[in-house]
Amino acid sequence: MPRRRIGEILIENKGVSKEAFDRALLLQQEERKRIGEILMKEGLIKEHDLLYALSIQFNIPYFKKLEGNGVDSAIISKIPINFAKRNKLVPIEVKGGKMIVAIADPINIQPLDDLRVLFDFNIESVISSEKEILNAINRYYEQASNSPEEVIQDMNEEDSTKILSELEEAEAEDLLDVTSEAPVIKLVNLILSQAIKSRASDIHIEPYQKDLRIRYRIDGVLYNILTPPKRYQLAIVSRIKIMAKLNIAEKRLPQDGRFRIKIADKDIDVRVSVIPTTFGERVVLRLLDKSNLLLDLQNLGLSQDELDKINKLIYSSHGIVLVTGPTGSGKTTTLYAALNEINSPDKNIITIEDPIEYQLNGIGQIQVNTRIDLTFAKGLRSIVRQDPDVILVGEIRDAETAEIAIHAALTGHLVFSTLHTNDAAGAITRLIDMGIEPFLVSSALNAVIAQRLVRLICEECKEPYVPDGGVLKEIGLRQEDIKSDFFYRGKGCPQCLHTGYKGRKGIYEILNVDDSIQSLILKTSESNIIRNKGIESGMITLREDGVQAVLDGLTTIEEILRVTQE
């Protein structure tokens with residue numbers, strides 16, 4: 001029986017008109033592309049429509065999703081990842097001498113014949129999208145790859161000189177393409193891929209007198225992960241320097257760089273900091289997962305009341321909104337989410353940052369560059385001349401920046417910025433200590449948001465328990481506040497790396513600078529007095545917001561005590 005034509009199937013099943021299809025055929029003669037590509041380009045069909053039609057045409061099943069973990073890693077390891085990616089195919093099941101292979105192009109049968117010869121299996125194909133197949137390849141090959149510990153064992157027999165000479169090889173496009181790499185390249189790639197898989201935000205490579213320690217920062221806490229032999233220290237650091245395009249011969253001065261990597265379907269920006277120490281160069285890698293940025297205020301862990309307050313603040317026409325907290329408390333994410341919320345074609349939004357963490361569409365972003373004397377203050381002066389509606393200053397570090405930001409706020413601009421203070425009231429004290437006149441602070445400041453990130457209890461190993469009465473008293477819980485007889489904690493499981501925690505949320509303290517706070521700022525800069533007045537006006541403190549998260553079963557008492565030490 002002859003194979004049905006693709007056009008006939010699409011007209012019959014997917015509502016493509018005969019006239020539209022004929023127009024596509026004319027375009028095909030000009031562009032020399034497949035008819036399916038022309039139809040998708042013209043917006044007449046979507047990719048899944050074409051795949052559905054191809055599955056009918058070739059009489060093979062269409063898999064919209066490739067779930068599960070694929071086939072045995074021993075089989076995966078025999079198929080070069082480059083072969084799988086080039087031919088856009090992946091084995092998804094092996095059973096009784098039969099291998100089922102997902103393919104994106106059912107016309108390309110040569111690679112299926114290659115697999116038939118390689119494994120002596122009957123090969124059956126199914127069709128799936130190119131993106132779904134590439135994601136499955138990355139997922140399966142990541143599971144099939146060695147661990148860093150296994151690579152180190154293999155490296156024990158390697159000659160150190162050879163390892164260093166091999167470092168000049170070109171780096172892989174994707175971290176999972178490590179089949180033909182030098183051992184140290186494979187090790188560094190695995191350290192990076194394991195960090196991303198573990199949701200680490202930073203990798204620390206720390207040299208000591210007799211050993212080398214590698215630690216990951218996961219959910220804000222550092223964990224020891226790996227201790228490679230000291231003799232591989234130079235090779236590991238040199239490999240990272242090459243990736244970041246740093247000077248591998250310079251070992252006496254600090255260096256900063258960056259590079260981008262792909263791992264599975266993630267695109268990761270890596271910032272590199274290298275400093276000289278007594279026992280060699282210490283390296284810290286900051287991992288920024290561009291696909292994992294929370295750019296929605298709804299996802300930051302705000303209560304409805306806090307969300308309403310912040311929405312009111314970010315839609316103000318002028319004034320300053322400050323976000324405070326220590327490094328790594330999520331200030332930048334909160335500000336980006338706020339900008340994303342108010343970003344629209346009728347607003348001119350400009351930022352000056354050090355560094356620019358993520359590129360935001362529709363927003364002008366300036367990178368601070370001290371080497372050419374582009375400071376926050378100089379950049380901010382120039383931004384004001386660009387007719388902005390909203391300005392984001394990455395951080396107020398000095399009196400000059402604070403003064404320009406305040407004058408911008410007083411002349412009709414909405415200004416967002418950050419300060420490093422422990423609580424909301426402390427930001428007012430810090431501005432006045434910088435030399436800003438109290439009347440300017442009280443006139444320009446709309447609100448201060450203090451925040452911390454607390455770890456969430458792992459849902460896989462969550463268990464109830466009854467805490468000690470002394471701990472309840474320490475966190476400020478009274479018996480009448482407690483509605484349940486027990487609280488929750490994580491027991492520890494492989495999913496959370498046996499920590500009991502997985503993921504984080506923000507806790508917040510929002511000090512609205514209302515009339516009572518404004519008049520108080522004119523009289524005193526004492527943060528405790530301002531804080532108490534804020535509490536009188538209904539401000540929920542960081543500790544109280546954290547306690548609510550404990551009562552909701554989201555986090556633990558110990559975690560709240562850790563991040564809100566007073």
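The structure described is a predicted model. Serine 193 is buried, because its relative accessible area of 7% is under the 20% cut-off. A polar atom of the serine 193 side chain lies 3.2 Å from the backbone oxygen of leucine 190.

The protein chain as a whole contains 23 helices and 18 strands. The C-alpha trace extends over about 90 × 70 × 60 Å along its principal axes. Of the 566 residues in the protein chain, 48% are buried. Among contacts with a separation of 6 or more, 64% are between residues 24 or more positions apart. The accessible surface of the protein chain amounts to about 28,300 Å², and carbon and sulfur atoms contribute 47% of this surface.

Helix 20, formed by residues 515–523, has the buried residues Ile517, Leu520 and Ile521. These residues lie on the same side of helix 20, because they cover an arc of only 105° around the axis. In general, an α-helix has 3.6 residues a turn, so residues three or four places apart point the same way. On the face of helix 20 turned away from the buried side are the exposed residues Asp515, Leu522 and Lys523. The buried residues of helix 20 are covered by elements that include helix 17 (424–433) and helix 18 (438–444). Strand 18 (501–512) and helix 21 (527–536) are also among the covering elements.

Helix 17, one of the elements covering the buried residues of helix 20, contains alanine 427. Alanine 427 is buried, because its relative accessible area is 0% and the cut-off for burial is under 20%. Apart from neighbours within four places in sequence, alanine 427 is in contact with Leu322, Thr324, Leu419, Thr421 and Val448. By contrast, the C-alpha atoms of alanine 427 and alanine 84 are separated by 55 Å. These two alanines are 343 residues apart along the chain.

Backbone geometry was also examined. Most residues other than glycine have a negative phi, and most peptide bonds are trans. The peptide bond from aspartate 354 to proline 355 is cis, with omega near -5°. Proline 355 is placed in the loop between strand 11 (349–353) and strand 12 (364–367).

Asparagine 59 is located in the loop between helix 4 (47–58) and helix 5 (73–76). Aspartate 219 occupies the loop between strand 5 (212–218) and strand 6 (221–226). Asparagine 59 is exposed, because its relative accessible area of 69% is over 50%. Aspartate 219, in turn, is buried, because its relative accessible area of 9% is under 20%.

Note on methods. Residues numbered from 1 in each chain as written. Predicted model: local features only at pLDDT ≥ 70, side-chain atom pairs only at ≥ 80, totals over all residues. Heavy atoms only, no water. Buried < 20%, exposed > 50% of the residue type's maximum accessible area, 1.4 Å probe, protein only. Polar contact = N/O pair within 3.5 Å; in protein donor to acceptor, adjacent residues only side chain to side chain. Helix = DSSP H or I, 4+ residues; strand = E, 2+ residues; numbered from the N terminus. Contact = heavy atoms within 4.5 Å. Areas by Shrake-Rupley, 256 points an atom, 1.4 Å probe, with all protein chains shown as cover. Arc of directions from axis to C-beta.
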